[in-house]
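Have the sequence and the 3D view open side by side for this one. We'll walk through it piece by piece.

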Amino acid sequence: MALALALGALLAALVVVFVARPFLREPAPASDRLDEQGAVERLRLELLEARDRALAALKELEFDHRTGKVTDDDYREQLGPLRRRAAEALRALEPRADVRPEHVGGRH
Amino acid sequence: MAALGRVALLLSFALVVYALTAGSYAAYRRRRRLALSAQNALLAAFGTTLVASAVLLTALARRDFSFVYVASHTSRSLPLGYTLSAFWGGQEGSLLLWLLILSGYAALAVWLNRRSRELVAWVVPVLGGVATFFAFMLCFVSSPFDKAVAPADGAGMVASLQNPYMLAHPPMLYLGYVGLTIPFAFAMGALLSGRTDERWIVATRRWTLTAWTFLGVGQLLGAHWAYVEIGWGGYYAWDPVENAALMPWLAATAFLHSVMIQEKRGMLKVWNMVLVALAFNLSIFGTFLTRSGVINSIHSFSQSPLGGWFLGFIAVCVVFSVGIIYLRLPLLRARTKLESLVSREATFLYNNLLLVALALTILWGVMYPLLTQAVNGETRSVSKPYYNFFLHSFGLPLLLLMGIGPLVAWRRASLRALGRTFIIPAVAALVTGGALIGVGLGSSTPGLLAYTFSAFVFASIVLEFVRGTRATGSLRRLVAKNRRRYGGYVVHASVLLLAIGIAGSSAYQTIRERGLNQGQSMEVAGYTLTYRSLQNTQHANSQSTSATVEVSRGGSHVATLHPGKSFYPVENDFGNDVSIYHDPRTIGDVFTIADQFDKNGTLFLKVLVKPLVNLVWAAGFLFVFGSLVALWPDAVEQRRLAERYEPGAVAART
């Protein structure tokens, strides 16, 4: 019983140290603020997701055409809009000299 | 050592309460160190729960009957493997297993996603909240560390649990049930943090697939346990606890499909949140059914006072998840719409509706006795015909959709393209259906439809691989480029095997029963079974009586079977010892049950001939293989996702 309680106390001490570790390692940090997803980062992610989706859609169309699920006519009809969407998504990700992060953030 | 176990559990409780409260405060007030501290608390809770589990396992291995739990579930004569499996054989131990798996999963998931601090900051309190409930139950309601004066011997284990499948089936199910907490926590974390981009989906994709695989394998192992142990000749009886595992699996299956629509088209964001919440809540409901004993089931080995606590917790979870989804609806609006009702995404949607409808009708069937009891004080339950009706109504169209989906293009498909891709599978289906009717197997409409649709699905899957291989140049490249899709097709093939096995072994099975004296024979579906002799055998923890039955076919001896019964004196319990001949020619079984022996030595033998039943078990292996293919990491995709979500880390590495 005594041994079990001693082991339990040791376990508790270890746990307390481990849980308090972030405070022990940085007793007086320059900033204790948790990273927050800003408007710029949010927009960047949206654009990246849109880009990946547009490129994936193009790949899917190409693959569906090659495997016979999309006829030549349908392929030609769908290819243009999808290419345009992919190009727009890629253009939106290009850095623009006239848009500083504050401006991007300000629009949202 | 019980004191150490109690202390460890109290520490777990304190840690998860801290993860919940400090984690919520830190996430809300944006306190970095406090959020990290809450995260550490969750990691530490795994360590302390591991210590508590080690204490219980040690007590079981030492057969320390001063632990009430050990004395209640084991005995001196119980073999060591079964003694250790008592860890999850009883209520307190299985709750401890829940907490152990949950804290282990939580620690790993949080650690793997530690760079996404904003999201993880909210995931920690959600995981802490779920863990708090289980730690509370273990500390204050149902402790495995209660002590009493040790009896000379324990009460033993229920006879039906003394089966090798019990070593793997419950842990597998728990790995599945508990695993569904991780996608739930990340989904709720995403809503709480307002990060409704796809980060939470990327973080939990493999967790969902892993939990779903475990749940699927766990159910198949359970079905096989029922088949070889319960001794009624079947493997699934629509028992409430079996249904309890099936429902979250169906919801998770729907989610695995619909999440692809969100990834590819940015649609169904609300629906995916609903499915994740539904799968999680159904997994808690499943645990409640298994552990509370409120509904009569072959799996409810004890009545317990846990029911009220579980119902309260389920209510909190449902209100929390519905509330948060409702509050965040504006963030979940899709910017794209379904372009056509004839497209791949539309077939996924139909599949989702059928899967959820099936899950909900099963839920209604499971809850019916509780509801009738609550409304008019009289317990009424629905039986096999109810479930079979809905299985046929929703399951057969689902089977067909499994074949249609791969043939339809994304976005929209024209009639001309459909005609081209459907022709071979449609011919295969018609030929199969016609052939079955031709050979006189058209007596069962569901069976006939299942086989006709199966032929369609099989042809569709084969075509997918053939056309894809032609398009990419090699099968290896094809699969490597899209492991999830082609792993998914392998899983579809396993479902196909399952459907064929189930249809064959239920729609076309033969059952005969009669009393036989030694030397007498009976004929069943082309087999002759001759009763030769009777033996009594003493085992370490049981006494068995078994018959020797010779099986022949076409005049040739094919097997000797030993159906019988065992008596477990410590438990004062009987078990059925079924004996099975696996016939490689029919991929089926000759399943024998010794229903009764009378004092004159007459054997009342029940024989079931179940064609194709072994496809059900073979499906399990294919299912695991397909899941592994889908789970296998894709380096290119991981780089792309890292660039998307962790640009700093990628830049630092390059």
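Predicted model: local features only at pLDDT ≥ 70, side-chain atom pairs only at ≥ 80, totals over all residues.

Let's begin with chain A, where you'll find 4 helices and 0 strands. Reading along the sequence, the pattern is simply α-α-α-α. Chain A has 108 residues, and 16% of them count as buried. Taking the contacts in chain A with a separation of 6 or more, 79% come from residues 24 or more positions apart.

Next, bring chain B into view. Here 40 residues of chain A are in contact with 45 residues of chain B. Which helices of chain A build its side of that contact? At least two residues each come from α1 (2–25), α2 (39–66) and α3 (72–93). The top contributor is α1(A), which puts in 13 residues. If you colour this side of chain A by residue class, you get 19 nonpolar, 6 polar and 15 charged residues.

Now for chain B on its own. Its domain assignment lists domain 1 (1–157), domain 2 (161–253 + 264–330), domain 3 (338–345 + 361–508 + 618–654) and domain 4 (510–610). Let's pick the pair made of domain 2 and domain 3 of chain B, whose C-alpha centres are 20 Å apart. Between them, 18 residues of domain 2 are in contact with 16 residues of domain 3. On the domain 2 side, α9 (199–230) and α10 (240–265) of chain B each supply at least two residues. It's α9(B) that gives the most to this side, with 9 residues. By class, the domain 2 side comes out at 11 nonpolar, 4 polar and 3 charged residues.

Finally, zoom in on two helices of chain B, α14 (residues 384–404) and α16 (residues 445–472). Their axes come within 7 Å and cross at roughly 20°. Why call α14(B) roughly parallel to α16(B)? Because that crossing angle is under 35 degrees, the cut-off for the roughly parallel class. As for handedness, the α14(B)–α16(B) crossing is left-handed. To see who meets whom, select B:H392, B:L396, B:L399, B:L400, B:M402 and B:G403 in α14(B); across from them in α16(B) are B:P446, B:L449, B:A450, B:F453, B:S454, B:F456, B:V457 and B:S460.

Conventions: Residues numbered from 1 in each chain as written. Chains lettered and ligands numbered in written order. Contact = placed C-beta atoms within 7 Å. Nonpolar A, V, L, I, M, F, W, Y, C, P; charged D, E, K, R; others polar. Axes fitted to C-alpha atoms, helices over the stretch in contact; angles between N-to-C directions. Parallel < 35°, antiparallel > 145°, perpendicular 65-115°, else oblique. Left-handed = near helix turned anticlockwise from the far one by under 90°. Domains from an automatic or database assignment. Buried ≥ 20, exposed ≤ 12 C-beta atoms within 10 Å, placed from the backbone.
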